Amino acid sequence: MPVERVVPTPEARDLIDLVGKIADRDLAPAAAAAEEAARYPRELVRMLGRTGLLGLPYDEEFGGGAQPYDVYLQVLEELAARWATVALSVSVHGLSCWPLANYGSAEQRKRWLPDMIGGEQLGAYCLSEPHAGSDAAAMSTRAVRDGDSYVLDGTKAWITHGGIADFYSVFARTSDDGARGISCFLVPADADGLTFGAAEHKMGLTASPTTIVNLDGVRVAAERRIGDEGAGFGIALHALDAGRVGVAAVATGLAQAALDEAAAYARQREQFGRPVIGHQGVGFTLADMAASVQAARALYLAAAQRRDRGLGYRQQAAVAKLVATDNAMKVTTDAVQVLGGVGYTRDFPVERYFREAKVMQIFEGTNQIQRLVIARDLERFGE
Amino acid sequence: MKIVALVKHVPDATAERTFDDADHTTDRTGVDGLLSELDEYAIESALTVADGGDAEVVALTMGPSGAADAIKKALQMGADSGVHISDDALHGSDAPATARVLAAALRRIGDVDLVLTGMASTDGGMSVVPAMLAEHLDLAHVGFVGEFSVDDGTVRCRRDGDTASESVEAALPAIVSVTDQINEPRYPSFKGIMAAKKKPVETLSLADLDIDPSTVGLAAATSVVDEVTKRPERTQGEIVTDEGDGGTRLVEYLAAQKFV
């Protein structure tokens, strides 16, 4: 069933329709084979870039689409409903541009942002480390000032687009002052000393390369530091607020795809003389799936609308990410159940959706961390 | 150089298409409309020529108010301006009337070097309007073109037939209809969507074109649809269960249907 979307302008409607058409024609038919072969669809993402989808939320002044988040996120959802890897790629790229776009100086933005959001380039966001995942402030990657540059040493982990990105937004320690000792750097892919591990063998999103990023004496010009020295952790957390609503939208699209597949199957699969959707056990499961998808969509849009009005949205982003990804896990699990035996085979896409949903409860802050963010907000309210 | 791409707003071919109960014309209200996909190849051809040099691309359509969507899509793809002929008296016009009105609009646009059309509309599917236009305007027409180039006042075309390809040249101005093999129409970009809002679209009535309304429309049409019968629902096919003789029975079936 097509999703009935509410969008603010006729142009946003045309954009959503265009994205749906591209996703149906170019993404959906290619997804299963590329995931099976662990092949990243760089050319398709480049095509999306030329269409303008890699700069949608950013300012027109730099070549962006100046679209509100409630439109941008629905674009991500449309992409995810056909191919989660591609939607995630667009979301992570947007996250990688976020530090420069929001904390870069006028000069820095003018110099680098147009190329970064112009569609040809791809970004990566380097925060996690092997021993600093949820506790990101415990990172040990160092950036030591040396004249007009910084020298970066350390290892970043779980980096989407590792090895294929054109630029890396890297967080590194410039002092030992805990979370206040972290700074943000824009590192070009061709920097000497930047190397990558092999792609991780993952359970899902296999077409999306995730690697270790090694920084071995990587010299970065001081003018590539984004924001003040020591301001990096705040930048990272603000960027993650934006990233989390992106993941919520991607998870919603994935869940919508699972619901559509399960409902279509249940309408035509007959047992005991009628379509299985007419058996209450299956029909009610599908109804709960539909409710979960719509609840997820409402939550990410609520967070987006706060953001679009310039209101704080950290708690709402955490709630949206938590609920949308937990719901996606439940909905995709139920989709496998509705399809029964064939749902467990790779001849149908729902087992892939199920595998892809799992990581969404883990990345961009585990769902335990989302609860922590929400609980801290509740705690502060009492002060 | 001025290129005009003819575009048509048609009922979505993937939807259930019907005819109006009262006058048996195409039902354009009960079904979503869109730019005829075959016209996208004409727009892409025009934009390709424009990309390679200094050319202006105008999208021209005739149709009710919804047809503005076909113009908008062409503008989003990159056309520079649009002309929309819209007049209630045009309802039910046949191909000769359509060609006459489009010819008048092309004369009014003026200084047109190249008219590009699709190979057919996806609703009427007659493929005759480009040739009729050429007669009205006394221009050369090259149809079913799979490749063309424009150079030095000449359009050089390759027309692909079932058994051979022909090379055909025509002096500009000319009318060229292109097939769905000629290119891969581009998607609009988001910038294109935003830019289309600001591009000029001129709406013309029959009065603007000096055409007597009694000479067009359903009453003036040279053919009349008396009756429309819905195609019968597809019946369930015959299922052959293979009991060792499946191949033979399939051939028997195909022979009975005179396929083999």
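I began with the largest cavity, which is lined by A:Pro57, A:Tyr58, A:Tyr69, A:Tyr72, A:Ser91, A:Gly94, A:Leu95, A:Trp98, A:Ala242, A:Gly243 and A:Gly246. The elements that each give two or more residues to this lining are α3 (69-80), α4 (84-103) and α6 (232-268) of chain A. I noted that α4(A) supplies the largest share, four residues. The space inside is about 70 Å³. I found a count of two cavities of 30 Å³ or more.

I wrote down the basis before going on. This is a predicted model, with pLDDT of at least 70 needed for local features and 80 or more for side-chain atom pairs, while totals for chains, interfaces and linings use all residues. Residues are numbered from 1 along each chain as its sequence is written, chains are lettered from A and ligands numbered from 1 in the order written, and side-chain values use heavy atoms, without hydrogens and water.

My terms for spaces use a 1 Å grid over the protein atoms alone: in a cavity a 1.4 Å probe fits but cannot get out, a pocket is an open set with protein on both sides within 12 Å along at least five of seven lines, and lining residues have an atom within 4 Å of a point. Grid points are joined across faces, edges and corners, and volume is the space filled by probe spheres set on them. Helices (H or I, at least four residues) and strands (E, at least two) are DSSP runs numbered from the N terminus.

Next I took the second largest pocket, about 1,400 Å³. Its lining has 43 residues, with A:Ile16, A:Asp17, A:Leu18, A:Gly20 and A:Lys21 nearest the centre. The most come from α1(A), with 12 residues.

Then I checked salt bridges (Lys or Arg side-chain nitrogen within 4 Å of an Asp or Glu carboxyl oxygen). In one of them, A:Glu77 pairs with A:Arg5, with the closest N and O atoms 3.0 Å apart. This pair joins helix α3 of chain A to the segment before α1, 72 residues away.

Last, the backbone. Most residues other than glycine have a negative phi, and most peptide bonds are trans. I found a cis bond from B:Leu172 to B:Pro173, omega near -5 degrees. B:Pro173 sits in the loop between β9 (165-171) and β10 (174-178) of chain B. B:Asp138, not a glycine, has a positive phi of about 55 degrees.
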